[in-house]
Amino acid sequence: MHTQDHEPDHDHQVVPPDPALRTKALESLLVEKGIVDPKALDALVDAYENKIGPRNGARVVARTWVDAAYRKRLLAVPGAAIAELGYEETQGEHMVVVENTAKVHNLVVCTLCSCYPWPVLGLPPVWYKSAPYRSRAVIDPRGVMREFGLELAEDVEVRVWDSTAEIRYLVLPERPAGTETWTEEELAALVSRDSMIGVVKVSATSGGKA
Amino acid sequence: MNGVHDMGGMQGMGPVQREQNEPVFHSPWEGRMYAINRAIGAWRKWNIDAGRHEIELIPPADYLRMSYYEKWLTRNIELLVKHGLVTREEIDSGKPAPGSAKAAPPLTLNGVPAALIRGSYMRPEASAKARFKSGQHVRARNMNPVGHTRLPHYARGKAGTVIRNHGIFVFPDTNAHFLGEQPQYLYSVRFAARELWGEQASRRDFVFIDMWDSYLERI
């Protein structure tokens, strides 16, 4: 079955149809067969587009900056402390919170796939799942952070957490200088997704967008 | 398996490409694929480890070329067919086989909030022996199984220190192949970057890897 579209000796290199079309075809087949409920699919998409994302983690971080007792609870029993803020989804996770200090900087990666703390950060950005990040975070963490604009001093200890199991890691960034009078909400707005993965720090001018 | 998915320490993959104001899904089909993945998982015909292994089975050149959700699409079609939820003919035709009965989906709208809480892989009630304790020096075994494993290639044969016992967890190496959960203790093990990468690494850097009991040996 050789056509003009592909060379006879390279059938396996034929570009498959558009994944969007294939996904649409798969969904309609699964719905027709009663394998999936389309309304459940709508609700799952909505949950990750609108409810579960890095703002959740940012609220957790900001709370630790204004409430020392909460910070203690979060480091000791992360799942329960995160659930206190209404993020029940964390209860199925085995969370570990790793704390940045002036002398220790933490960075999270999953070299084998894309493990990521969904309930507090939502779904990971493409770069986190990409070959460059997964390959380099463990062998050249300082170089990776430099690409994100973070230059760590030589005497800072770098701890890279490779998420090989079902433990999910959240980095607790340092509270930036100059924010002593800020409210919890103002602080939460500063905390970026990337700071909770560990590729950047939080600064009083950083803004919480990425 | 020593697949291309086991990327830690590889070189030549280029700089990290970031995207400003990245959307959760880059186009609607990605969201549908994410949701389909969760919804078909609710049939419990396979487990998370089998799902990860199915992605590892994607041929290396395809694995590197495909986008993340393209890999999920490929993986999910394979899982659906292997576990009898759909046939290859149905995938090809896009239509249910003539005369096939309509099933009732296990995940419906009302079940979504509960489904957002992932199942736990901890098995505190299981009987297992902790061969190692915090502070103990250990070595990651040199092993090269052809099946699924979560022991990254770059750590094999390297010496580290147990810093924490996480408790008893499902063992992916058997669970992925439906050979039972065989729960065992899971530890956080600290490796000096210089042990892993040699003199080029900073002596102040460490990599922490979660490792099951049978991945480790005494020194």
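The model shown in every view is predicted.

**Figure 1. Chain A, overall build and surface.** Chain A exposes about 8,600 Å². Carbon and sulfur atoms supply 53% of that area. The chain has 210 residues, and 59% of them are buried. Its secondary structure comes to 11 helices and four strands. The C-alpha trace spans about 70 × 40 × 30 Å along its principal axes. Take the contacts in chain A between residues at least 6 apart in sequence: 64% of these join residues at least 24 apart. Chain A carries 23 positive and 31 negative side chains. The centres of these two sets lie 5 Å apart.

**Figure 2. The interface of chain B with chain A.** On the chain B side, 84 residues are in contact with 76 residues of chain A. The two chains bury about 7,400 Å² between them. Carbon and sulfur atoms account for 62% of this buried area. Three residues stand out on chain B: Val16(B), Arg32(B) and Arg118(B). Together they supply 10% of the area that chain B buries against chain A, more than any other three residues.

**Figure 3. Helix α2 of chain B and its cover.** Helix α2(B) runs over residues 48-56. Eight of its nine residues are buried, so the helix is largely enclosed by the rest of the structure. The buried residues are Asp49(B), Ala50(B), Gly51(B), Arg52(B), His53(B), Glu54(B), Ile55(B) and Glu56(B).

**Figure 4. The N-terminal end of α2(B).** Asn47(B) caps this end of the helix. A side-chain oxygen of Asn47(B) lies 3.0 Å from the backbone nitrogen of Asp49(B). Asp49(B) is itself one of the buried residues of α2(B).

Figure 5. Asp213(B) sits in the loop between β4 (205-212) and β5 (216-218) of chain B. Is this residue buried or exposed? Asp213(B) has a relative accessible area of 5%, so it counts as buried, the cut-off being under 20%. Its side chain makes a polar contact of 2.6 Å with the side chain of Arg131(B). Neighbours within four places in sequence aside, Asp213(B) is in contact with Lys129(B), Ala130(B), Arg131(B) and Phe132(B), and also with Gln184(B), Tyr185(B) and Tyr187(B).

Conventions. Residues numbered from 1 in each chain as written. Chains lettered and ligands numbered in written order. Predicted model: local features only at pLDDT ≥ 70, side-chain atom pairs only at ≥ 80, totals over all residues. Heavy atoms only, no water. Buried < 20%, exposed > 50% of the residue type's maximum accessible area, 1.4 Å probe, protein only. Helix = DSSP H or I, 4+ residues; strand = E, 2+ residues; numbered from the N terminus. Polar contact = N/O pair within 3.5 Å; in protein donor to acceptor, adjacent residues only side chain to side chain. Contact = heavy atoms within 4.5 Å. Areas by Shrake-Rupley, 256 points an atom, 1.4 Å probe, with all protein chains shown as cover. Lys, Arg positive; Asp, Glu negative; His and termini not counted. Charge placed at Lys NZ, Arg CZ, Asp CG, Glu CD. Buried area = accessible area lost by both parts, 1.4 Å probe.
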